[in-house]
Amino acid sequence: MTEARLRTFVALADTGSVRAAARRLYVTESAVSAAVAALARDLGVPLVRRVGRGVRPTPAGTVYAGYARQVLGLLEEGRAAARGAAAPGRGPLRLAAVTTAADQILPALLASFRARWPEVELALEVGPRRQVWSSLAAHEADLVLAGRPPADVAATVLARRPNELVAVAAPDVAAGFALDRTPWVMREPGSGTRAAADAYLAERDAAPPRLVLGSNGAVIAGAAAGLGAALVSRDAVGAELDAGRLVVVPAPDLPLDRPWHAVGGAVPTATTLLFVRHLLDAPGWTAASGAATAGPTAGSTAGSG
């Protein structure tokens, strides 16, 4: 039961195709089939079944794929921890962020961090709330920037930054705003701001027309075009508010306080803590109560550039 076999099976489970898995891993299709067959023999249960021209995990395969992802994530986390302990400024750092944080919070932070620590191997995953927390739970991310972590994820909150959710609309829409009648432009299900908007309207027994758009940028553009009001992070609409394309709607009980969280795993790596210390130098960020952000310093081998 080797790491290569686990990676092959996860690739097959993810893609649903021997050919696609082989392409992802840069191996032959026969190598994929042989690795998965060997893994199934080791376990004594079938892991995949044919469905049309593709394959799908069996119930046993679906369960095992979850464990396999965690094992592979732990191996990567272990490598990152070891390399970071030896030289934090040369270790890998796997970041994951929700869309708004990736668009509005991270670019300046990454640019200044890269200038200071050019030898850190940065990787960034951007996705909805559910995806980034799943990555942390599966040890596929070292640090997540998002809202509050779910209770069932083993996580260490390392830093926080204020974040207000405000209702915005084009000036003409805002002038005639009515909570129960004005259309609302919303993110897709699974987004943190979508969940906040749904909860906000439900708590006030409001059922306005809703238009679902597929990205944060599309929601902001739709609101500016007059499609309706939108609940968004103030960080995401600063330029639109300054230019007058959007205005804040005086909706009841807004803004909502939904701070950004920088969250690591149970034992953050040294390179993760290096990034968090850099983040804490940025305006607005404060260390979470009890968070261990001191960590080892990046010495002469850290490539501080």
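Biologist: In this predicted model, what covers the buried residues of H1?

Modeller: The cover includes H2, helix H3 (29–43), strand E1 (48–51), strand E2 (54–57) and H4, where contact means heavy atoms within 4.5 Å.

Biologist: Which residues of H1 are called buried, and what makes them so?

Modeller: They are Leu6, Thr8, Phe9, Val10, Ala11, Leu12 and Ala13, and the word applies because buried means under 20% relative accessible area.

Biologist: How do you know what span to expect of H1, and what follows the helix?

Modeller: The expected span is 1.5 Å times one less than the number of residues; H1 has 13 residues and reaches 18 Å from its first C-alpha to its last, close to the 18 Å expected. H1 is followed by glycine 16, whose phi is positive, near 70°.

Biologist: Which elements give two or more residues to the lining of the second largest pocket?

Modeller: They are helix H1 (3–15), helix H2 (18–25) and helix H4 (59–86), and the pocket itself has a volume of about 270 Å³.

Biologist: What makes Val10 and Asp14 lining residues of that pocket?

Modeller: Both are listed in its lining, together with Arg7 and Ala11 among others, and they count there because a lining residue has an atom within 4 Å of a point of the pocket.

Biologist: How does that lining divide by class?

Modeller: It has four nonpolar, one polar and seven charged residues; Arg7, Asp14 and Glu76 are among the lining residues, and they count as charged because Asp, Glu, Lys and Arg form that class.

Biologist: How many residues line the largest pocket, and which lie nearest its centre?

Modeller: There are 23, of which Arg129, Gly147, Gly192, Thr193 and Arg258 lie nearest the centre, and about 480 Å³ of space lies in this pocket.

Notes: Residues numbered from 1 in each chain as written. Predicted model: local features only at pLDDT ≥ 70, side-chain atom pairs only at ≥ 80, totals over all residues. Heavy atoms only, no water. 1 Å grid on protein atoms, 1.4 Å probe; cavity = no way out; pocket = protein on both sides within 12 Å on 5 of 7 lines; lining within 4 Å. Points joined across faces, edges and corners; volume = space filled by probe spheres on them. Helix = DSSP H or I, 4+ residues; strand = E, 2+ residues; numbered from the N terminus. Buried < 20%, exposed > 50% of the residue type's maximum accessible area, 1.4 Å probe, protein only.
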